[in-house]
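Here is a short report for a reader who is meeting this structure for the first time. Please look at the chains before reading on.

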6 protein chains.
Amino acid sequence: MVFLTRRATFSAAHYYWNEAWSAEKNEQVFGRCSNRNGHGHNYTLEVTVAGEPDAQTGFVVDLKWLKDAIEREVLSAWDHRHFNLEVPEFAAAIPTTENIAIAAWKRLEPAVRAAKGAKLTAIRVYETPEIFAEYRGEA
Amino acid sequence: MVFLTRRATFSAAHYYWNEAWSAEKNEQVFGRCSNRNGHGHNYTLEVTVAGEPDAQTGFVVDLKWLKDAIEREVLSAWDHRHFNLEVPEFAAAIPTTENIAIAAWKRLEPAVRAAKGAKLTAIRVYETPEIFAEYRGEA
Amino acid sequence: MVFLTRRATFSAAHYYWNEAWSAEKNEQVFGRCSNRNGHGHNYTLEVTVAGEPDAQTGFVVDLKWLKDAIEREVLSAWDHRHFNLEVPEFAAAIPTTENIAIAAWKRLEPAVRAAKGAKLTAIRVYETPEIFAEYRGEA
Amino acid sequence: MVFLTRRATFSAAHYYWNEAWSAEKNEQVFGRCSNRNGHGHNYTLEVTVAGEPDAQTGFVVDLKWLKDAIEREVLSAWDHRHFNLEVPEFAAAIPTTENIAIAAWKRLEPAVRAAKGAKLTAIRVYETPEIFAEYRGEA
Amino acid sequence: MVFLTRRATFSAAHYYWNEAWSAEKNEQVFGRCSNRNGHGHNYTLEVTVAGEPDAQTGFVVDLKWLKDAIEREVLSAWDHRHFNLEVPEFAAAIPTTENIAIAAWKRLEPAVRAAKGAKLTAIRVYETPEIFAEYRGEA
Amino acid sequence: MVFLTRRATFSAAHYYWNEAWSAEKNEQVFGRCSNRNGHGHNYTLEVTVAGEPDAQTGFVVDLKWLKDAIEREVLSAWDHRHFNLEVPEFAAAIPTTENIAIAAWKRLEPAVRAAKGAKLTAIRVYETPEIFAEYRGEA
């Protein structure tokens with residue numbers, strides 16, 4: 001089994017705000033991230049799939065297919081968007097790096113399974129080069 | 001003369017929109033960047049000053065001082081902010097990488113000159129690792 | 001479960017020397033690293049914790065808290081220090097990247113567990129971009 | 001147990017072509033990679049070994065030894081070479097990143113085991129910064 | 001005046017060989033690069049243009065236009081190609097990083113001038129992260 | 001004319017201390033860098049030479065020669081050394097990034113001129129990815 005990873009990047013805006021809390025509590029917990037004018041990041045997304053390389057192609061999956069799937073399932077909805085205002089997953093949930101990684105998994109896992117029979121094994125999201133979250137589909 | 005550079009990073013949101021234009025023209029010229037919900041970036045700012053290293057310290061300028069000046073003059077006003085909605089320079093001007101570089105120069109040049117007698121020689125701003133603008137204070 | 005990582009950097013000096021050995025043997029085994037004037041590195045430390053994102057905050061742990069914990073438990077004792085001469089863990093042990101990773105784990109694991117109930121799952125230390133060691137707390 | 005990684009780089013040429021297929025099918029499946037004039041990459045190879053740091057040296061393995069083993073077992077045969085035309089593993093198999101990772105494992109695993117009693121745990125190969133494959137020796 | 005840079009990447013194969021020389025001399029001068037099976041690199045191309053930001057757009061040039069121009073004038077002819085066998089500029093000249101930078105300038109300079117009235121000021125080509133050449137159009 | 005750059009890395013220890021000053025003043029001016037146990041860095045050195053590519057080789061200078069010159073003139077004296085204790089240039093001068101850049105120029109400029117007739121145009125030294133100094137040989 002080989003683990004094959006494709007990296008992609010996108011730019012988005014977000015802020016952290018819990019509607020159930022007062023403004024004071026939001027500022028206390030989320031600090032500068034609670035500014036509701038929003039700020040943003042260049043996110044890096046790493047998608048890892050695992051499987052046996054095919055004997056005919058040497059591919060675990062076709063990387064062109066994987067790139068297109070990432071574009072279609074994730075980037076078309078997230079790139080140059082505001083997570084809080086435009087992305088359905090974050091109508092209620094807070095767009096932290098942790099939650100963004102889970103949301104990317106939910107978008108990509110069915111597509112990878114349906115089209116390829118391959119196994120999605122990890123989604124890693126970098127908010128900055130200093131902060132990243134990884135989700136492996138396990139509770 | 002030695003050119004000494006300090007790099008800093010900040011995260012901000014922005015969009016591109018010319019109020020004098022129709023929505024159609026804004027979309028045609030600015031594409032996805034015209035989405036007024038905003039999107040954002042991890043910006044990297046490189047500040048270059050030039051001078052003779054001081055015989056006592058070996059410093060062109062004290063890098064701790066330069067870091068604090070960047071924080072005070074630029075990052076405190078721009079980090080975790082929305083350029084279009086909160087940063088005075090961009091009330092009218094469009095927050096392109098080019099204009100952000102010029103604005104950083106205008107904020108830092110007087111501070112460097114006043115406090116140190118050193119010469120600011122370049123401001124470089126990376127919007128992403130693939131796109132950057134450099135301003136050297138020359139018309 | 002999501003794995004959340006915070007990266008930090010510090011600069012330190014060290015050398016490799018086994019007091020039980022002759023100078024010849026130290027030079028033979030450790031090569032240039034045995035120079036007892038010391039040399040140094042920009043180390044990068046990656047701290048990974050795992051848990052469920054909190055429903056109220058979307059956080060596995062508060063990254064501001066984690067940054068402060070890394071500063072307090074590790075960087076305040078190691079940054080701009082000489083491992084062999086000033087850091088207690090290396091009074092006897094040799095400050096290899098492997099041992100530095102274990103030492104960072106021992107400093108951070110109790111703090112993460114006590115304060116957050118979260119689980120420290122990995123410490124990765126880069127001595128250079130070409131060399132890194134990872135410790136996961138397992139024998 | 002600590003996981004210790006050494007990174008190395010090499011440059012090589014390759015193309016993707018399945019001799020059992022028509023030219024049309026090769027072009028359809030492999031796209032631009034099917035150009036038999038070849039193209040190339042700066043590959044990055046990460047070799048991870050695991051073990052207990054030795055009490056005398058603080059080493060899982062001597063990194064100088066590991067660097068030399070990578071040079072001797074892998075780079076001397078692959079660096080500045082054409083995978084399809086000069087590297088025996090790819091006389092029949094297609095030199096995808098997946099297959100290159102498996103081939104590096106086969107070259108290094110016996111050397112690591114024989115000389116050091118250490119355990120090779122992962123080979124990661126980056127074809128570009130955006131694409132990488134990892135093999136951990138498991139079926 | 002602001003200097004605006006767009007980075008692009010491509011992968012290509014090449015070798016160094018002077019037809020006027022003996023095989024021995026080629027090997028002596030060019031070392032491993034003289035292997036006529038070819039090897040390859042992930043090249044990074046940085047294209048810098050200079051001008052005043054437009055008052056309406058804030059752009060020195062439209063980066064979408066610049067990206068397309070780089071694709072059309074350079075990458076479509078060089079990406080996934082073999083410099084010696086397929087790229088006309090290198091039918092006679094040796095595809096060193098220096099000559100590749102000059103060739104990229106010759107391809108892009110007329111396009112930038114014709115379409116935008118902007119000034120191409122530098123082409124930088126990285127063969128690896130350790131080696132790069134910059135051409136500024138000056139004898 | 002083409003500007004050709006070769007990057008190299010080395011690791012060294014240093015501290016900042018002016019013998020003419022009291023301990024108090026040293027600590028006040030140099031902060032944590034005044035710790036005389038020393039600390040260290042992974043330095044990156046970029047050496048830029050300029051000239052016409054040779055018609056026979058396509059080289060401004062032979063990069064193998066340049067790599068060896070950097071090794072012989074600079075790295076053999078600086079790598080895995082303590083700037084203050086072992087490097088003659090810093091017996092009196094403070095090993096700031098600025099002064100290290102000037103010292104590298106003085107070591108390399110005569111060698112480049114003598115051997116190649118090429119022109120050294122810039123030395124850039126990175127102390128960390130955030131701090132670098134460039135010297136171009138001009139007063």
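The model is predicted.

## Chains B and A

Start with how the two copies are placed.

Now the contact itself. Chain B gives 20 residues and chain A gives 20 residues. About 1600 Å² is buried between chain B and chain A, and carbon and sulfur atoms give 46% of that area. Within chain B, the residues that lose the most area to chain A are Asn37(B), Asn42(B) and His80(B). Together they account for 37% of what that side buries.

Polar links come next. Two salt bridges are found across the interface of chain B and chain A. Asp79(B) forms a salt bridge with Arg32(A), where the closest N and O atoms are 2.5 Å apart. Between chain B and chain A, 17 residue pairs are in polar contact, both residues at pLDDT 80 or more.

Which elements give two or more residues to the side of chain B that touches chain A? They are strand S1 (2-14), strand S2 (39-51), strand S3 (81-82), helix H3 (83-86) and strand S4 (119-128) of chain B. S2(B) gives the most to this side, with four residues. By class, the side of chain B that touches chain A has four nonpolar, 11 polar and five charged residues.

## Chains D and E

Chain D and chain E form another pair. Chain D is superposed on chain E by a rotation of 180° with 0.0 Å of shift along its axis, at an RMSD of 0.0 Å. The same surface serves both copies here, as 100% of the contact residues of chain D recur in chain E.

The contact takes 20 residues from chain D and 20 residues from chain E. Asn37(D), Asn42(D) and His80(D) supply 37% of the area that chain D buries against chain E. That is more than any other three residues supply. A salt bridge joins Arg32(D) and Asp79(E), with the closest N and O atoms 2.5 Å apart.

On the side of chain D that touches chain E, strand S1 (2-14), strand S2 (39-51), strand S3 (81-82), helix H3 (83-86) and strand S4 (119-128) of chain D each give two or more residues. S2(D) provides the largest share of this side, four residues. The classes on the side of chain D are four nonpolar, 11 polar and five charged residues.

The table sets out the values for the two interfaces.

| Interface | Buried area | Salt bridges | Residue pairs in polar contact |
|---|---|---|---|
| Chain B and chain A | about 1600 Å² | two salt bridges | 17 residue pairs |
| Chain D and chain E | about 1600 Å² | two salt bridges | 17 residue pairs |

## Chains that do not touch

Some pairs make no contact. Chain B and chain D do not touch, and their nearest C-alpha atoms are 13 Å apart. Chain D and chain F do not touch either, with nearest C-alpha atoms 14 Å apart.

## His41 of chain A

His41(A) is in strand S2 (residues 39-51) of chain A. Is His41(A) buried or exposed? His41(A) has 2% relative accessibility, so it counts as buried. Beyond its neighbours within four places in sequence, His41(A) is in contact with residues including Phe10(A), Glu127(A), Ser11(B) and His41(B).

Two polar contacts involve its side chain. One, of 3.4 Å, joins the side chains of His41(A) and His39(A). Another, of 3.3 Å, joins the side chains of His41(A) and Ser11(B). His41(A) and Phe90(A) are 49 residues apart in sequence, and their C-alpha atoms are 16 Å apart in space.

## Asp79 of chain F

Asp79(F) is placed in the loop between helix H2 (63-78) and strand S3 (81-82) of chain F. Asp79(F) counts as buried because its relative accessibility is 12%. Its side chain makes a polar contact of 3.0 Å with the side chain of His80(F). Leaving aside neighbours within four places in sequence, Asp79(F) is in contact with Arg32(C), Phe10(F) and Ser11(F).

Conventions
Residues numbered from 1 in each chain as written. Chains lettered and ligands numbered in written order. Predicted model: local features only at pLDDT ≥ 70, side-chain atom pairs only at ≥ 80, totals over all residues. Heavy atoms only, no water. Buried < 20%, exposed > 50% of the residue type's maximum accessible area, 1.4 Å probe, protein only. Polar contact = N/O pair within 3.5 Å; in protein donor to acceptor, adjacent residues only side chain to side chain. Contact = heavy atoms within 4.5 Å. Buried area = accessible area lost by both parts, 1.4 Å probe. Salt bridge = Lys/Arg side-chain N within 4 Å of Asp/Glu carboxyl O. Nonpolar A, V, L, I, M, F, W, Y, C, P; charged D, E, K, R; others polar. Least-squares fit on C-alpha atoms with pLDDT ≥ 70 in both.
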